[in-house]
Amino acid sequence: MDFKNAKEEKSVLGKFREGDLEMRIKNEGNLGNNNVESTTVFLRADMIDFKTWDVKMEKHLSRAWCRDTEARTKPEDWEIDLAKLDIKNVVAYGTYGTVYKGVYDGQDVAVKVLDWGEDGIATSADSAALWASFSQEVAVWHKLDHPNVTKFVGASIGTSNLKIPSQGTLDGDHNSLPSRACCVVVEYIPGGTLKKFLIRNSRKKLAFKVVVQLALDLARGLSYLHSKKIVHRNVKTENMLLQTDRTLKIADFGVARIEAQNPRDMTGNTGTLGYMAPEVLDGKPYNRKCDVYSFGICLWEIYCCDMPYSDLSFAEVSCAVVQKNLRPEIPRCCPGAFTSIMRKCWVAKPDNRLEMEEVVKLLEGVDTSKGGGMIPDNQALKCLCFGSVRGP
């Protein structure tokens, strides 16, 4: 095999970078015939500048992205003016993006930025997944208005005017995101997640009236979503936020979905393992009742300030929940009415589970005036139901 000389290689490579190189192979005869006429061009791998190719590909994709966004003559009513958005610091990292705290038009907000891959370069599958997540979140959140659901402020397609503070740099230094990234802006909830709140109270536990208040907030928020035909699909304490007055708000609609008319249109393992309903774990069709099951697990977690199935592996949980009807152990000190709600929420058959509207009414009827739960009003010590000695 003969190679062109270095000068010819450089000339050919330059043409290839501009996209003008044509390679034609004319093959006459069969594989055993040495009489082959060819204009094949061979390129040495060590002479190819892949970084330049990547940069040019990114510019090409960005131009295509800009043309797509500019083609929309009328902006969506949920689009915001990025010039009014001031991003401060990172709050959390997620599967598809990063959450920042910021200020929009004088209001404290949380900004979820969906980045399109490192340095703006991602595969078409990555971009499609990110775009689907973004569109889904905006479509769900845009028209919701309830005191127990985080309030949607706006969103942006493209982030050419969005500046992200650089880590470890002085104020005023910013990193620019690829123009193809998107962001969702919602109200900022300062109290952190319900999960962190429960962890902080894992030793002393919560008063029963606080347990019921948190449960009611979550139930009312889910009942509202279900009334709008929305299935959250990832109900867990980590996706619930608390205001400073302990009001609970449902967040993270990244995997939420408008409920399908045919339950068979909603399949796949969507959610977090310890909270996932048996039908979801088993890959069967599901509907809003998967949220009810997850709510039942959250009830147990709120009451106990503990993690469900903390001593089991993912595989063990998945198998036992589906095949052995495994559920978290309810402490004997748990009030009967509260225990009944839990069990009616996490029954194996979805049709036999309560509707969230029913759950709200049942929780509203729970009597908290006499204390009870893990911390009786006249007792400072936590309940001993999980101790090694359980009594008769």
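Predicted model: local features only at pLDDT ≥ 70, side-chain atom pairs only at ≥ 80, totals over all residues.

Q: Which residues make the contact of helix 5 with helix 10?
A: Helix 5 supplies V212, A215, L216, A219, R220, L222, S223 and H226. Helix 10 supplies M356, E357, V359, V360, L363 and E364. By class, that is nine nonpolar, two polar and three charged residues.

Q: What makes helix 5 roughly antiparallel to helix 7?
A: Helix 5 (residues 208-227) and helix 7 (residues 289-304) pack at about 165 degrees, with axes 10 Å apart. The cut-off is over 145 degrees, so helix 5 is roughly antiparallel to helix 7. This crossing is right-handed. Among the residues in contact are F208, L218 and H226 of helix 5, and D291, F295 and Y303 of helix 7. The contact divides into 13 nonpolar residues, one polar and one charged.

Q: How do you know whether H232 is buried or exposed?
A: Its relative accessibility is 0%. Buried means under 20%, so H232 counts as buried. H232 is found in the loop between strand 8 (230-231) and strand 9 (240-242).

Q: What does the side chain of H232 reach?
A: The side chain of H232 reaches the backbone oxygen of A251 at 3.0 Å. A polar contact needs N or O atoms within 3.5 Å.

How values were computed:
Residues numbered from 1 in each chain as written. Heavy atoms only, no water. Helix = DSSP H or I, 4+ residues; strand = E, 2+ residues; numbered from the N terminus. Buried < 20%, exposed > 50% of the residue type's maximum accessible area, 1.4 Å probe, protein only. Polar contact = N/O pair within 3.5 Å; in protein donor to acceptor, adjacent residues only side chain to side chain. Axes fitted to C-alpha atoms, helices over the stretch in contact; angles between N-to-C directions. Parallel < 35°, antiparallel > 145°, perpendicular 65-115°, else oblique. Left-handed = near helix turned anticlockwise from the far one by under 90°. Contact = heavy atoms within 4.5 Å. Nonpolar A, V, L, I, M, F, W, Y, C, P; charged D, E, K, R; others polar.
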